Structures are given as C-alpha cells and as structure tokens.
Amino acid sequence: MNDDIQEPVNDARQNFRSGFVAVLGRPNVGKSTLVNALVGEKVAIVSRVPQTTRHRIAGVVNGPGYQAVLLDLPGFQKPRDLLTERMQTAVNTTLREVDLIILMLNAAEGIGGGDRFVSDASFRTGTPVIIALNKTDLVGPDVVLPLIEEAGGLGGYQDIFPISARKGWSLEELKAAIVTRLPEGPQYFPEGEVSDQPERELAAELIREQALRLTREEVPHAVAVDIVDMQRREEKDIVDLEAVIIVERDSQKGILIGKQGKMIKEIGSRSRAEIETLLGSKVFMNLTVRVKKKWRQNERVLGDLGL
Ligand SMILES: Nc1nc2c(ncn2[C@@H]2O[C@H](COP(=O)(O)OP(=O)(O)OP(=O)(O)O)[C@@H](O)[C@H]2O)c(=O)[nH]1
Ligand SMILES: [Mg+2]
C-alpha cells in the first residue's frame with residue numbers, strides 16, 4: 001500500500017522501523033507547524049489563514065534505526081469548490097494508506113463538530129491514532145486538563161499529548177511515541193532528504209506564504225503561485241526566477257500590487273530572502289500578478305498548478 005506514496009530506497013533492514021504518518025485536523029490547528037518542528041526544517045508553509053496547505057507534503061524525520069514520513073495535509077473540511085474538493089480527496093486517499101494517524105486538536109478553541117468529524121474519520125480507518133492537543137501555550141491547565149479528558153472520549157486512541165508545536169513543548173515525547181508505533185520497514189527516503197517537494201514547488205509556496213501573510217479578507221484564498229521559469233546560471237551562484245501570482249479578480253490584483261507597487265515589492269523581497277536560504281544562492285526574481293477568473297473551479301488551471 002505504501003508503495004503508492006514512495007518507492008523504498010533500501011530493502012527492509014532488520015530492526016529498522018519506518019512508516020507513513022498522517023497529520024490530520026481541522027484547518028489552522030497547527031499541522032504544518034508540527035511537521036516543520038519534528039523535521040527540524042521548514043518543509044511546509046504556515047500562516048494564520050485557514051486552508052494554507054493545499055496538497056500533501058511529506059516531511060521526513062530520521063533517527064537511529066527509524067524513519068518516520070510525516071504527511072502534512074490540507075485541513076479536513078467539507079469541499080466548497082473544485083480546489084477544496086481536490087484537497088479533501090487527497091486527505092481521504094492518504095487516510096487509507098498510512099501506518100499511523102496524528103489527530104490534532106486546538107486547545108485554544110476546544111473540541112467542536114469539525115473536530116468530531118475528523119476524529120470519526122480517523123478512528124473509522126482502524127489505523128492507530130495518537131491525539132495531539134496543540135496550542136497549549138495559549139491556555140492554562142484549567143483548560144487543558146478537562147480537554148484531555150474530553151479528547152480521550154473521542155475514540156480508542158494509543159496516546160494523548162498536550163503539546164505546543166510553536167514552542168516545542170512535549171515534541172520529544174510525541175516523537176518517541178510515533179517511533180514506538182512504527183512497524184518494521186525500509187528506509188523510504190535517502191539520508192538528508194527531508195521532503196518530497198521539489199525546490200521549484202517550495203519556492204512557489206514561499207511566495208504564496210508571504211502573499212497570505214501580507215493580505216487580508218478574500219485575497220488569501222484566491223491566491224495561487226506559478227513558477228514560470230527557474231534556472232541556475234552556469235558557473236555562477238545565481239538563480240533566475242520568474243513567478244506569477246494568480247488571483248481571481250482585478251480588485252485582488254490591485255491589493256496585491258498595492259500603492260505604487262509597494263505590496264508586490266514587499267512580497268517579493270521577503271519571499272526572495274527565504275528562497276535564497278532554501279537554495280543557498282542569490283536569487284534574481286521577476287514577480288508579477290495576473291488575473292485568471294474562477295481558477296479555483298477550472299480543471300485545467302488546477303492541473304497546471306499541480307493541484
Ligand atoms: N500559539 C500557538 N500558535 C500555533 C501553534 N501551532 C501553530 N500555531 C499557529 O497557528 C496558525 C496555523 O498554523 P499552521 O501550521 O499553518 O496550521 P495548519 O493546521 O497547517 O493549517 P492548514 O494548512 O490551513 O490546515 C499559524 O499562525 C501558527 O503559527 C502553537 O502551538 N501555539
Ligand atoms: Mg498546513
């Protein structure tokens with residue numbers, strides 16, 4: 001089953017443990033933050049806007065005798081358009097393929113209908129579930145303790161941890177529990193490879209992250225980024241990058257460009273700094289904005305964007 005996700009690099013070694021771990025939860029609970037923290041590198045973008053993650057990203061956690069492949073997923077939701085429908089299909093497909101599920105809840109918001117929806121879907125698979133109650137840094141023990149009790153009633157879980165993905169609280173304990181639950185298996189990713197996301201895609205995500213962070217209201221959900229061209233100059237440590245931010249309406253384009261181009265400049269310079277860190281070289285970026293009406297409903301555009 002797991003071969004659908006990635007061909008193993010090595011055959012199963014004796015005593016080596018490995019597996020695929022789905023990180024599930026409502027939009028905005030902190031799934032991508034947790035995956036980045038456990039991997040120890042930024043493999044997924046994070047923002048305050050729900051539905052930040054649009055496709056499944058593998059983040060690889062290596063340790064002595066084990067490899068856990070964490071699958072950062074879009075937030076679990078009821079689809080509203082073709083884009084969110086595809087996002088949810090990716091979640092449902094993944095649910096059937098994994099060895100372990102981390103069900104994430106948000107301590108600052110309590111447990112609601114949306115969480116029970118995700119939880120039911122998780123427990124229904126019969127796959128072992130670890131519950132992670134996140135954002136405990138935002139509330140006191142008077143809130144956390146009853147929530148642990150309530151979360152425990154959701155289903156037959158293996159372990160339950162109050163954590164803070166942002167502050168790094170109890171992540172070592174969570175990681176140890178994940179490793180304990182991994183079956184014996186092969187090393188799926190070579191040493192040093194922390195993600196399945198090509199540099200080009202991550203570059204697009206880093207631009208989208210800044211667009212999400214710097215804009216408001218209807219703009220974030222209408223944004224997509226297309227890397228038109230990305231090339232390293234021969235014998236020089238310079239990468240030329242041409243990218244387009246796609247939006248649905250002229251008004252959104254106006255917001256993204258900003259007064260005298262201030263906004264697009266800011267998005268460009270912030271994301272360029274991040275991309276330079278990622279690539280380890282200087283980046284010359286040409287960033288523009290284009291309107292594609294109703295791209296979230298358009299099969300062809302979604303396909304072109306890899307969604
Ligand atoms: N205070 C606090 N904030 C957190 C914690 N974990 C994540 N956040 C914040 O919560 C917001 C959402 O985090 P993400 O990691 O993008 O959430 P997600 O579950 O991946 O969201 P989607 O991809 O939209 O489903 C960001 O602003 C994070 O900085 C935490 O432990 N404590
Ligand atoms: Mg996410």
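In the predicted model, Ile 227 of the chain has Ala 243, a residue of β8, as its bridge partner. This pair belongs to the contact between β7 and strand β8 (residues 238-247), which run antiparallel and are joined by eight bridges. Helix α8 (residues 250-257) packs on the sheet, where it touches β8 and β9, and its direction makes about 150 degrees with that of β9. Helix α9 (residues 262-279) likewise packs on the sheet and touches β8 and β9, with an angle of about 135 degrees to the direction of β9. The sheet itself is open and consists of three strands in the order β7-β8-β9, with mixed pairing. Its edges are formed by β7 (224-232) and β9 (282-291); each has a single partner strand, so one side of each is left without a neighbour in the sheet. From one strand to the next, the twist averages 15 degrees.

A further open sheet comprises six strands in the order β2-β3-β1-β4-β5-β6, again with mixed pairing. Strand β3 (residues 66-72) pairs with β2 in the antiparallel sense over seven bridges, and Asp 72 in β3 stands opposite Ile 57. With β1, by contrast, β3 pairs in the parallel sense, over seven bridges; Phe 20 is placed opposite Val 69 in β3. The pairing of β1 with β4 is parallel and extends over four bridges, with Val 21 opposite Leu 100 in β4. Helix α3 (residues 113-124) lies across β1 (17-24), β4 (100-106) and β5 (129-134), and runs at about 170 degrees to β4.

Burial was then examined for β1. Eight of the eight residues of this strand are buried, so β1 is largely enclosed by the rest of the structure. In a regular strand, side chains alternate between the two faces of the sheet. Both faces of β1 are covered: Arg 17, Gly 19, Val 21 and Val 23 are buried on one side, and Ser 18, Phe 20, Ala 22 and Leu 24 are buried on the other.

The largest nonpolar core contains 75 residues, of which Val 21, Val 23, Leu 24 and Leu 71 touch the most other members. Helix α6 (residues 199-214) gives the most to this core, contributing seven residues. Since domain 1 (2-181) and domain 2 (199-304) both give residues to the core, it lies between them. When neighbours within four places in sequence are left aside, the contacts of Leu 71 are Phe 20, Val 21, Ala 22, Val 23, Arg 56, Ala 58, Thr 94 and Val 98.

For the chain as a whole, the secondary structure comes to ten helices and nine strands. The C-alpha trace spans about 55 × 45 × 35 Å along its principal axes. A compact globule of 307 residues would have a radius of gyration near 19 Å, and the 20 Å of the chain therefore agrees with that expectation. Buried residues account for 38% of the 307 residues. Of the contacts between residues at least 6 apart in sequence, 71% join residues at least 24 apart.

Technical notes: Residues numbered from 1 in each chain as written. Chains lettered and ligands numbered in written order. Predicted model: local features only at pLDDT ≥ 70, side-chain atom pairs only at ≥ 80, totals over all residues. Pairing = 2+ DSSP bridges. Helix = DSSP H or I, 4+ residues; strand = E, 2+ residues; numbered from the N terminus. Contact = placed C-beta atoms within 7 Å. Axes fitted to C-alpha atoms, helices over the stretch in contact; angles between N-to-C directions. Core = buried A, V, L, I, M, F, W, Y, C linked by C-beta atoms within 7 Å. Buried ≥ 20, exposed ≤ 12 C-beta atoms within 10 Å, placed from the backbone. Domains from an automatic or database assignment. Rg over C-alpha atoms; globule rule 2.2 N^0.38 Å.
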